[in-house]
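Welcome to this guided tour! Open your viewer, get ready to select a few pieces one after another, and let us look at what is there.

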Amino acid sequence: MLEVNRKAQFPGLADDWHYLDTAATAQKPQAVIDAMAHAMGRDYATVHRGVYARSADMTLAYEAARRKVAAFIGGHEDEVVFTRGATEAINLVAQTWGQANLKAGDRILLSVLEHHSNIVPWQLLAARTGVEIDVCPLTADGLIDLDAAQRVLTPAHRLVALAHVSNVLGSVLDVAGAARLAHGVGAKLLLDGCQAVPRLAVDVAALDCDFYVFSAHKLYGPTGIGALWTKADILAAMPPWQGGGAMIDRVSFAGTTFAPPPQRFEAGTPAIVEAIALGAAIDYVAEIGLEAIHAHELALVRTLRDALRRMNDVTLFGPDDSAGIVSFALQGVHPHDLGTILDEEGVAIRAGHHCAQPLMEHLGVPATARASFGLYNDEGDVTALLRGIDRTRRIFG
């Protein structure tokens, strides 16, 4: 467990609210809120345009945030593109690199457990280009089955796009194995890191992926911003996505030339305040340490799974060492009903398909209940959840 109880640093957790929906979006520490307030107020100005001092200072702060993101995931600042989130980052890859490099006869490999944001953009690309999509199954304990992936992959596969950590099962991908398989047939590897970056140390160079995406709001930062990291040579060859200010070199009616990456992919006035707040969130998490956060969440996962395993009317999904996430079903109770009763007990969980409908079909359920932990949770939250489950069992008993 973390040495310091962090709840007091999160205004959203006042009044003893038991928040167990961090996989959907994390609460924000006061340090991030303050960074946003200062950037929106006393420090505010545009970036990359003004010659006055405050604009120059804001530009420095904005680009400092990019350097923090790069350092946080082991990349270089000229490889980091700010986006509205992981969803936009994946769409950017699909509509630039994918459109330029994939054609009819090529194949993409996804997995059963992917979030819709790592399925639908590729389906839209397939409809435009004729590329085919294959789906990798899971092992019995909810891991992406890389043995099966090896049997599926062929030289026709140009891209493998997988979740680093499942947003439903909390299962952690063997990235080294995935990279070896993808690159072994000449495919690129894209990783959805939304659930990984808040708890696992990420080094994109060591992971040997080609694209890495994540959203700030799951990393205790603001909504409306995320990041795409791409290997420099791949990013340099990608065509522009959106046109407008800031992404150009020179514009004339005879033709336009474009800025180098990452500016080429950041058309218009960027999310200045949000980028600076993302930098503050990274500082906050780095000060605590990802190793300590992960160990803290693993301890809570073990406590909850052990308690649920003793209930003969509960079905648990995913591996025992799931990363911060516990999905389950209570026999005879729809997850929405469970979530409603838990809300009356001051406990917030997620109930539904979690933007992973193909996974729900694979699990044979319409939805699951999902408790997901953050660095601010403690055993009192687990106790409150279990108390609410007991009440629900009595009501439906």
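On this tour, contact means heavy atoms within 4.5 Å. Helices (H or I, at least four residues) and strands (E, at least two) are DSSP runs, numbered from the N terminus. The model is predicted: local features need pLDDT of at least 70 and side-chain atom pairs count only at pLDDT 80 or more, while totals for chains, interfaces and linings use all residues. Residues are numbered from 1 along each chain as its sequence is written, and side-chain values use heavy atoms, with hydrogens and water left out.

**Stop 1: two helices**

Select helix H1 (residues 30-40) and helix H9 (residues 272-288), which pack at an angle of about 155° with their axes 8 Å apart. Axes here are lines fitted to C-alpha atoms, for helices over the stretch in contact, and angles run from 0 to 180 degrees between N-to-C directions. That angle makes H1 roughly antiparallel to H9 (under 35 degrees counts as roughly parallel, over 145 as roughly antiparallel, 65 to 115 as roughly perpendicular and the rest as oblique).

Now show the side chains. Ala31, Val32, Ala35, Met36, Ala39 and Met40 in H1 meet Val273, Glu274, Ile276, Ala277, Ala280, Ala281 and Tyr284 in H9. This contact has 12 nonpolar residues, no polar ones and 1 charged (Ala, Val, Leu, Ile, Met, Phe, Trp, Tyr, Cys and Pro count as nonpolar, Asp, Glu, Lys and Arg as charged, and the others, Gly among them, as polar).

**Stop 2: Ile288**

Stay in helix H9 and pick Ile288. Is Ile288 buried or exposed? Ile288 is buried, with a relative accessible area of 14% (buried means under 20%, exposed over 50%, partly exposed in between, with a 1.4 Å probe and protein chains only). Leaving aside neighbours within four places in sequence, Ile288 is in contact with Leu2, Arg6, Ile293 and Leu375.

**Stop 3**

Next, colour the strands. An open sheet of 7 strands runs in the order E2-E8-E7-E6-E5-E3-E4, with mixed pairing (two strands pair if DSSP finds at least two bridges between them). At the edges are strand E2 (80-83) and strand E4 (132-136), each pairing on one side only.

Zoom in on strand E6 (residues 188-192) and strand E7 (residues 211-215), which run parallel and are joined by 3 bridges. Which residue in E7 is the bridge partner of Asp192? The partner is Val213.
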